[in-house]
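Dear colleague,

Please find below the structure that I am handing over to you. My findings follow directly after it.

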Amino acid sequence: PEWSPDGTKLAFISPCSEKQRIYLDSQLCIINADGTGLQLLLNNTGVFDPAWSPDGRYLLFTLSRDAARSQLFRYDFETGEAQIMTGGDEVNRLNFHPAWSPDGDRLVFVSDRFNGIRLWVTENQPGAEPMVLTRSCAFENTYPFWAADGFIYFEQKPVNSPRFPLVMKVSETMLTITDPIEYHEERVALGTSEVPESTPRLSQDLELIIYESWPGGDNHD
């Protein structure tokens, strides 16, 4: 579920029986916070990842063609139209997990272009050219959340490794850093033992972070 900025509505997908990267059968719905006004936003299946813009005008979502191809779209509540935000030469790639910058001018999303699961940033304009943010091929970076402190928080998991995912953060200033020695990311829970840390979200005052973990095995909390 994804709250509208004014707290009066929820966007959610159904069905979603378990956590997946790509939901091929899901549809996108809107409902009022009191449980009334349920409506199907689009007739398409394979729609997921709803993300409301800070001003409430737009709803980003992912539309999958199959398990290997998905694109980001922006639904405009004023016009009732959905526009593709990614595509072009990357139309046959995976693009998913969109999130807004606090001012709504930019988007961060996950893509497998250049053969790595990385975070990319683009302007809030259809067809804008994205810039790569995270740059290590040795890690998959997913579930970004762009906070008002200038950091993008995300889940990072080593590729082809049994190690747990960890919650990381990277400054938006790293977009303009070209020297690999100057580029850096930070673990959020510095100095603590490594337990699984997944799907981070921050409170509005930036004082608290909520995430999923399963240090004991199968029991997720």
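A residue is called buried here when its relative accessible area is under 20%, and exposed when that value is over 50%. By this criterion, buried residues account for 47% of the 221 residues in the protein chain. Please bear in mind that this is a predicted model.

Overall form

The protein chain contains zero helices and 18 strands. Its C-alpha trace extends over about 45 × 40 × 35 Å along the principal axes. The radius of gyration of the protein chain is 17 Å, which agrees with the value near 17 Å that a compact globule of 221 residues would have. Of the contacts between residues at least 6 apart in sequence, 37% join residues at least 24 apart. The accessible surface of the protein chain amounts to about 11600 Å², and carbon and sulfur atoms hold 51% of that surface.

The largest pocket

Rolling a probe the size of a water molecule over the atoms shows where empty space is left.

The volume of the largest pocket is about 1400 Å³. Its lining consists of 40 residues, and those nearest the centre of the pocket are Pro-1, Glu-2, Pro-50, Phe-145 and Arg-201. Two or more lining residues are given by each of the strands E1 (2–3), E2 (9–14), E5 (47–52), E9 (95–100), E13 (139–146) and E17 (198–202). Strand E5 provides the largest share of this lining, with five residues.

The largest share, three residues, comes from E13. The lining of the second largest pocket divides into seven charged, five polar and five nonpolar residues.

Backbone features

Pro-15 is located in the loop between E2 and strand E3 (27–32).

Asp-49 has a positive phi, near 60°, although it is a residue other than glycine. This residue belongs to strand E5, the strand that gives the largest share of the lining of the largest pocket. Asp-49 counts as buried because its relative accessibility is 17%, and the cut-off for that class is under 20%.

His-97 likewise is a residue other than glycine with a positive phi, in this case near 50°. His-97 sits in strand E9, and E9 is among the strands that give two or more residues to the lining of the largest pocket. The relative accessibility of His-97 is 6%, so His-97 also counts as buried.

With kind regards

How values were computed. Residues numbered from 1 in each chain as written. Predicted model: local features only at pLDDT ≥ 70, side-chain atom pairs only at ≥ 80, totals over all residues. Heavy atoms only, no water. 1 Å grid on protein atoms, 1.4 Å probe; cavity = no way out; pocket = protein on both sides within 12 Å on 5 of 7 lines; lining within 4 Å. Points joined across faces, edges and corners; volume = space filled by probe spheres on them. Helix = DSSP H or I, 4+ residues; strand = E, 2+ residues; numbered from the N terminus. Nonpolar A, V, L, I, M, F, W, Y, C, P; charged D, E, K, R; others polar. Rg over C-alpha atoms; globule rule 2.2 N^0.38 Å. Buried < 20%, exposed > 50% of the residue type's maximum accessible area, 1.4 Å probe, protein only. Contact = heavy atoms within 4.5 Å. Areas by Shrake-Rupley, 256 points an atom, 1.4 Å probe, with all protein chains shown as cover.
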